Amino acid sequence: MKNRILLIAMLITMLFSLTACGEEQADADTIVLRVSNWEEYIDLGDWDEEEVIDIDDDNNIFGENSMVEDYEEWFYDTYGKKVKVEYSTFGTNEELYNQLTIGDSYDLVCPSEYMIMKMMREDMLVPFSSDFYNQDIKTNYYAKGVSPYIKNVYDELAIEGQSISKYAAGYMWGTLGLVYNPLEVSDEEASHWDLMLNKKFDKRITVKDSVRDAFFAAITYGSYDEITSSEFISSDDYKARLTEVLNRTDVDTVNYVEDILTQIKNNVYSFETDSGKADMVTGKVVANEQWSGDAVYTMDQADEDDVTLCYSVPTEGSNLWFDGWVMLKDGIANDADKQLAAESFINFVSMPENAVRNMYYIGYTSVIAGGDSDLIFNYMDWNYGVDPEEEEYVEYNVSYFYGGEDGDEDYTIYTSPDQTKRQLYAQYPPKDVVNRSVVMACFDDESNSRINRMWTNVRCFDLKSLLD
Amino acid sequence: MFKFDRKQLAIPYAIFLVLFVILPLLVVIYYGFTDADGHLSFDNLVFFFSSSKTIGTLLYSLVIAVVVTVICLLMAYPVALILAKGVYSRKHSFLMVFVLPMWINFTLRITALKEILTLLEGNLAYHQFANTIICMVYDFLPFMIMPLFNSLTKLDDSMIEAGRDLGATSFQTLIKIILPLSVPGIISGITMVFLPAMTNYVVLDMVYNSTYIMGSLIGSYFSSYDWNNGSIISAILLILIGLFTIITNRLAGDGERRVS
């Protein structure tokens, strides 16, 4: 009997020692920062030689090492302390939340705005230290560099009376729209959400397999008459009203959306999680609902195969989304060093040259406008600008993003006409696009379960359809 | 001091069984019969059987599973029979050819098959159900061939010879002798194919079939933090498969045990 117990004990110790082997023994004075971010959402370095971004002679940007390694080095140089980043990734906001509820521990994570709000509501987050937004401190790159426009949206977006700025610093942002093949779909057809129900493109369009994105497209389509009436558009509180309409979750609205989504399901090629990008390039589908960053990636891929794709944000309205860094109470646990490391990580990725590296690597748009540095604007110009004396050009103004007056010439670039509906348009949408795009807030639990049930209904095989 | 006993060899598996089979099962049952606040509740069960959508999903999955299993069986049996009883001297090499696809990751295989189907059909979305069946059959066929082959190889040839001696035609030999004796293989093949066919929603995703089957329904509940409804469906599936196994075993004849 004794022997058996001994054997079991041995096996159990073996089991545990096996798992322990994987973890590196860190020095006692090394700060361990556990970061969880979206998959493929940060520069991993190792660029090809010819990929160097030569914006001007002084500024050659090149991702030699990964962003995380560079951060560890920078932190040691700046603060004289060692930091070790344990970097992991997640696939969806829900997956991250589930990981946290089953006991995974992180210090710094990067969910979307609605998940940030949910975490705030559940008191899972640590507020930034008091001087995080102090622009006089040299290393506060986020406070100095964040786009005034984004800062404003963060300040105004609140849950239970608390602005999300208190807990969250932006990372990437964008819109929700439609990538389409201009040879098959006209610009006009692609400029409305009803494209998904257009019989002309029966089974040739994909929609995101995500309840929130599908819901948003359907409700915007369903509210078309209301939100495009001239009275509605010209009202003083247009944005607030639009936000209210597109965030409705009452029973009638959800039932109505269920009808629309059922029709959409019957008309589209499929609800897809990741196949949409490739299927656009191969021509299996002619249009595809996508986030702006993925749209840039898809268009870039297609360009390599000599296929031209465009991106449109429907004129009736769209979704404005943000992914932001938040610190978790459970991980930080009042450890001042850890909080310093977490905040400085945010600041490090917010340095203009690092924002450019990340943008170049992943195709999404950083919330960083650069502050005193022109680098971000110059990167945009380097990427999309044309020489007005040699090529056909249009003026493209994004002064709102950099905090300039409307139409400020300093923030106008000369670009080729097709860029106004391609990568540039997706990466830095013009002012009218952001004006008609609203944030989809975090719903309460009751609305959430109503919407999830609605989505299940749409996707299940309905027994009643056999009786018809 | 340390006396080795053969029984101790079973300890690793016993630990595995408790940690990864019995405990998770208890957790599933606990969640299935509680509500979000952790109180005992049968609402999840009642909800499942009162919605035409969830019942519809169950039916849809069952139809897929039955069709896939039947096609697999009809295709695999002749192959297994020829391989096992044919005159080929290298039957194991031939078997390899049929089982080889199992060595390649299944998403990779389906991606390839998808391209072939696209060439044949044009737009895959018009034939979602048929494509689902084709891909699943392709995927699960080796799991049907293997047990059939094993049970047919073990079949005693003297039984067949005896049948022949007594004047049975080839057809009669097949129906009255070979088929009944290979029932254990058939059952094990069916159980290997039926359950995965009911729940493997990755295949459906890959061939653009946006209708949920049982597996995707469970996944959708779990991703919206609804552990309770997801668990009850897992429990229902478990019971269904249990019933299915018991029934097929009964049909296989009293007292006959699976041999493969």
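The model is predicted, so local features are reported only at pLDDT of at least 70 and side-chain atom pairs only at pLDDT 80 or more, while totals for chains, interfaces and linings use all residues. Residues are numbered from 1 along each chain as its sequence is written, and chains are lettered from A and ligands numbered from 1 in the order in which they are written.

Chain A splits into domain 1 (28-173 + 322-377) and domain 2 (174-320 + 390-467), with bounds taken from an automatic or database domain assignment. Over C-alpha atoms, the centres of these two domains of chain A lie 27 Å apart. Where they meet, 18 residues of domain 1 of chain A are in contact with 17 residues of domain 2 of chain A; two residues are in contact if their C-beta atoms, placed from the backbone, lie within 7 Å. On the domain 1 side, helix 4 (113-121), helix 6 (148-156) and strand 9 (168-180) of chain A each give two or more residues, and helix 4 of chain A has the largest share, with five. Helices (H or I, at least four residues) and strands (E, at least two) are DSSP runs, numbered from the N terminus. This side comprises 12 nonpolar, three polar and three charged residues. Here Ala, Val, Leu, Ile, Met, Phe, Trp, Tyr, Cys and Pro count as nonpolar, Asp, Glu, Lys and Arg as charged, and the others, Gly among them, as polar.

The largest nonpolar core holds 187 residues, of which Ala218(A), Ala287(A), Val326(A) and Phe345(A) touch the most other members. Such a core is a set of buried Ala, Val, Leu, Ile, Met, Phe, Trp, Tyr and Cys residues joined through C-beta atoms within 7 Å. A residue is buried if 20 or more other C-beta atoms, placed from the backbone, lie within 10 Å of its own, exposed if 12 or fewer, and partly exposed in between. Leaving aside neighbours within four places in sequence, Val326(A) is in contact with residues including Val109(A), Ile116(A) and Tyr167(A).

In chain B, helix 11 (residues 214-223) is largely enclosed by the rest of the structure, because seven of its 10 residues are buried. Among these are Met214(B), Leu217(B) and Tyr221(B). The buried residues of helix 11 of chain B pack against helix 22 (445-459) of chain A, as well as helices 3, 9, 10 and 12 of chain B.

Between the chains, 22 residues of chain A are in contact with 28 residues of chain B.
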